[in-house]
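Begin with the overall build, then follow the helix contacts, the charged pairs and the backbone.

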Amino acid sequence: MAKKRPQSKAGKPQLKDGEIPVVGAREPCPCGSGRRYKACHGRAAAQAVTELVHRPFEGLSGECDWIALRELVPAATVELTLKGGLPEGVPSVTLATVLPMAWPALRRDDGSVLLALQNDTPSGDLSRDLADTLQRALEAEPGSPVAARRVPADGPRLQDLLDPEASFEPVVHPGFEFWVPDSENAAPEVSASLERANAAAIPTTLLSGVDAAYWCETPEKNHLRWVMPYPEEQLLDALARLHAAGASSLGDDTRLVGSFRAHGLMVPVWDLPSSMGAQDCEKPAARFAERLAEALASDAPLSGEERRARGGLTNRQVTLS
């Protein structure tokens, strides 16, 4: 005979779906059904954890810069604006690329909050994971880091917590001195940690004349990595038109070498000569933006040469997320 499922004890309170806490997969479900959590309310939670949200930053101010800071920029910060203002005792909330010890967030001694963007997250919705960390950081004791945890499936997302009308203005730093309020007088072990982190950071600069374009310096050549807000297929067509026309470069000794896919958007990448600094990119990038706008507006079928160019660009895509 088939085994009967154990019955819940009489009088045991039955929890509503919204009250079910997250427990271990093999533990009894808190709802009182008698089944293991993974076979009961854990099913929906597991699905939410594994279901990938392809554009987690969609709808946020500065979506392209969110992606750049998540995937491309070593050291940067952004002041965040919360809906309804800051809670009492929290003077500021700052997004940071990374934090010491890979902490997801930190509540400083003065009550201010630092939220790290580049940490690994446990679910397929980066926005929900970051929102959960932010909420816990706002309630943490001053002077304490916030640990990672499995996020409730019905928790808020960044889009629920941040003011959509507020500007998103990244500040790119040459190093990680923003980790400590007074880096010049930091303890020896802190100074040593900062020195190691700074040595590994690739020099990066945000261009001022176009949106979400980041120049970076590497030992052999420099690069421009530009997060663009357009649909992938439309952008590939436009880049193919420019490439076939010999108009996809940023000047002499530069070339469009491919692109990244990251969080639902494309990031075209150019190789630059070592002599071409960030300031040297400003005017060529602005002129390219004008050419790209014209190419994006075209709805003519691609020519044979443009289709071949498109195929080459597609083959040189790398997916980051």
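The chain folds into 8 helices and 12 strands. The model is a predicted one. Of the 321 residues, 45% are buried. Now look at contacts with a separation of 6 or more. Residues 24 or more positions apart account for 60% of them.

Start with helix 2, residues 63-71. Is it enclosed or open? Here 8 of its 9 residues are buried, so helix 2 is largely enclosed by the rest of the structure.

Move on to helix 6, residues 232-244. Two helix contacts deserve a close look here. Take helix 8, residues 304-315, as the partner in one of them. The axes of helix 6 and helix 8 come within 8 Å and cross at roughly 120 degrees. That makes the pair oblique, because an angle counts as roughly perpendicular only from 65 to 115 degrees. The crossing is right-handed.

Which residues of helix 6 and helix 8 meet? From helix 6 come Glu 233, Leu 236, Asp 237, Leu 239, Ala 240, Arg 241, His 243 and Ala 244. Helix 8 answers with Glu 305, Glu 306, Ala 309, Arg 310, Leu 313 and Thr 314. By type, the residues of this contact divide into 6 nonpolar, 2 polar and 6 charged.

Now turn to helix 7, residues 278-297. Helix 6 and helix 7 pack with their axes 9 Å apart, at an angle of about 115 degrees. They are therefore roughly perpendicular to each other. This crossing is right-handed as well. On the helix 6 side, the contact uses Gln 234, Leu 235, Ala 238, Leu 239, Arg 241 and Leu 242. On the helix 7 side, it uses Phe 288, Arg 291, Leu 292, Ala 295 and Leu 296. The residues of this contact divide into 8 nonpolar, 1 polar and 2 charged.

Compare the two lists for helix 6. Leu 239 and Arg 241 meet helix 8, and Leu 239 and Arg 241 also belong to the contact with helix 7. Leu 236 and Ala 240 are listed for the helix 8 contact. Leu 235 and Ala 238 are listed for the helix 7 contact. An α-helix has 3.6 residues a turn, so residues three or four places apart point the same way.

Next come the charged pairs. Side chains of opposite charge can pair when their charged atoms come close. How many salt bridges does the whole structure hold? A search finds 12.

Glu 233 and Arg 310 meet in a salt bridge, 2.4 Å from N to O. Glu 233 lies in helix 6 and Arg 310 in helix 8, so the pair ties together parts that are 77 residues apart in sequence. Are these two partners buried or exposed? Glu 233 is partly exposed, at 49% relative accessible area. Arg 310 counts as buried, at 18%.

Salt bridges with shared partners also join Arg 55, Glu 58 and Glu 63 into one network. Arg 55 is partly exposed, with a relative accessible area of 28%. Glu 58 is partly exposed too, at 45%.

Asp 125 forms another salt bridge, with Arg 128, at 3.6 Å between the closest N and O atoms. Asp 125 is buried, with 4% relative accessibility.

Finish with the backbone. Ala 212 has a phi near 60 degrees, a positive value in a residue other than glycine. Ala 212 sits in the loop between strand 7 (204-206) and strand 8 (213-217). Its relative accessible area is 2%, so Ala 212 is buried. Asp 253 also has a positive phi, near 65 degrees. Asp 253 lies in the loop between helix 6 and strand 10 (255-262). At 69% relative accessible area, Asp 253 is exposed.

How values were computed. Residues numbered from 1 in each chain as written. Predicted model: local features only at pLDDT ≥ 70, side-chain atom pairs only at ≥ 80, totals over all residues. Heavy atoms only, no water. Axes fitted to C-alpha atoms, helices over the stretch in contact; angles between N-to-C directions. Helix = DSSP H or I, 4+ residues; strand = E, 2+ residues; numbered from the N terminus. Parallel < 35°, antiparallel > 145°, perpendicular 65-115°, else oblique. Left-handed = near helix turned anticlockwise from the far one by under 90°. Contact = heavy atoms within 4.5 Å. Nonpolar A, V, L, I, M, F, W, Y, C, P; charged D, E, K, R; others polar. Salt bridge = Lys/Arg side-chain N within 4 Å of Asp/Glu carboxyl O. Buried < 20%, exposed > 50% of the residue type's maximum accessible area, 1.4 Å probe, protein only.
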